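Please read them with the coordinates open.

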Amino acid sequence: MKFAVISDIHGNLPALDAVIADAEKENVDTYIFVGDYCISHPYPDECIAKIRSLDKKYAVRGNEEQYLENLIGKDRSDWTDGQMQISYWCYQKIKPDNLRYLLSLPAEIELIDNGVWLHIAHSSEAFIGKCEYRDWSTAGVAARYKDEWIMQEALEADIRDYFNHHEQFQEVFSRLENGIYIFGHSHVQWSYQSGDGKKILLNPGSCGLPLDCIKEGVPYTILAVTEEGNVVIEERRAAFDKEKYITLFRQSEQFQKAAVWSNIIVKELETTREHMRFFLNYVENYAGEIGDTKRPYSVSTWEKAFELWQELP
């Protein structure tokens, strides 16, 4: 079987379309979707509909889906803060049947193909605990490479070298049963294999919001399991006109309704680096300084913090 593994779309329909078009050219049989389909880009409902339209697919929930589920049945008259504007807007734009589909997805899936087990979840924590996020979270990647653009091969080599020499990771990895462990969440594309190739970790990166310091394209991974049970992994980046998309993004309703969040997402798209987490840390410190204990943050605190954050060197 030949799978296209796609994760962290975050409502970016043009990126999803680019990846699917590339995968179709490569004659994939089945799609594996690894969560976080909405929140951050202007096309959440369209992305869900696109996934549902595919005949052969497996899909699990991500952490972002929980934010939508938490809003079910809540009084919309209370939706007046700044921090959650993006979630409120997204929730209101998703058709009820698409939302039901999204929230019906399982947290994990296991399947077998040509004698090889595939284990699928949104985050690597389901399989290796915090080993990935200790140094290879988006914040860690941004700190490591700073303003440097890197190549996929260099990123892979750095991650492989790190894991090869990390005793705790090696201990956790050694306890895994043979098989392929598929996850996303970190927005960084990478894979790692045991010496005999019988245990594989696979992260396709983020289709909708890559934060891996690689300049071009949007990532996904093709995974093939031959009739003999051999595994072939091809990490790909589909061509994507980022400038054209950002122009459309700035004209979207989401950009007007959730301006702070959307502006930061654009910055992340342009730089392929983490910025949101750094802003959230900043607004928490700012709220403390002005004595604002309201959470989620009020519109005034949220917008003023963003204004000041933009002025930082």
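1. Basis. This is a predicted model, in which local features need pLDDT of at least 70 and side-chain atom pairs count only at pLDDT 80 or more, while totals for chains, interfaces and linings use all residues. Residues are numbered from 1 along each chain as its sequence is written, and side-chain values use heavy atoms, with hydrogens and water left out.

2. Largest pocket. The largest pocket holds about 610 Å³ of space. A pocket here is an open set of points on a 1 Å grid over the protein atoms alone, where a 1.4 Å probe fits, with protein on both sides within 12 Å along at least five of seven lines; lining residues have an atom within 4 Å of a point. Grid points are joined across faces, edges and corners, and the volume is the space filled by probe spheres set on the points. The lining comprises 27 residues, and Asn 63, Glu 64, Trp 261, Met 276 and Leu 280 lie nearest the centre. Two or more lining residues come from each of α3 (64-69), α4 (85-93), α12 (259-271) and α13 (276-289); helices (H or I, at least four residues) and strands (E, at least two) are DSSP runs, numbered from the N terminus.

3. By class, 11 residues of the lining of the largest pocket are nonpolar, 10 polar and six charged. Nonpolar covers Ala, Val, Leu, Ile, Met, Phe, Trp, Tyr, Cys and Pro, charged covers Asp, Glu, Lys and Arg, and the others, Gly among them, are polar.

4. Second largest pocket. Its volume is about 210 Å³. The lining consists of Asn 263, Ile 264, Lys 267, Phe 306, Trp 309, Gln 310, Leu 312 and Pro 313, with at least two residues supplied by each of α12 and α14 (299-310). Five of these residues are nonpolar, two polar and one charged.

5. Asp 292. This residue sits in the loop between α13 and α14. Asp 292 counts as buried because its relative accessibility is 15%, where buried means under 20% relative accessible area, exposed over 50% and partly exposed in between (1.4 Å probe, protein chains only). Leaving aside residues up to four places away in sequence, Asp 292 touches Ala 287, Ser 298 and Thr 301, contact meaning heavy atoms within 4.5 Å.

6. Ser 123. The loop between β5 (116-121) and α6 (125-128) contains Ser 123, which is buried at 14% relative accessible area. Apart from residues up to four places away in sequence, Ser 123 touches Tyr 133, Phe 183, Gly 184 and His 185.

7. Salt bridges. The structure holds 13 salt bridges, each a side-chain nitrogen of Lys or Arg within 4 Å of a carboxyl oxygen of Asp or Glu. One of them joins Arg 175 and Glu 171 (3.2 Å, N to O). These two are about one helical turn apart, because they are four residues apart in helix α9 (residues 167-175). Arg 175 is exposed at 57% relative accessibility, whereas Glu 171 is partly exposed at 48%.

8. Asp 212 and Arg 237 meet through their side chains at 2.9 Å, N to O. Asp 212 lies in the loop between β8 (199-204) and β9 (218-225) and Arg 237 in strand β10 (residues 231-238), so the pair ties together parts 25 residues apart in sequence. Asp 212 is buried at 0% relative accessibility, while Arg 237 is partly exposed at 22%.
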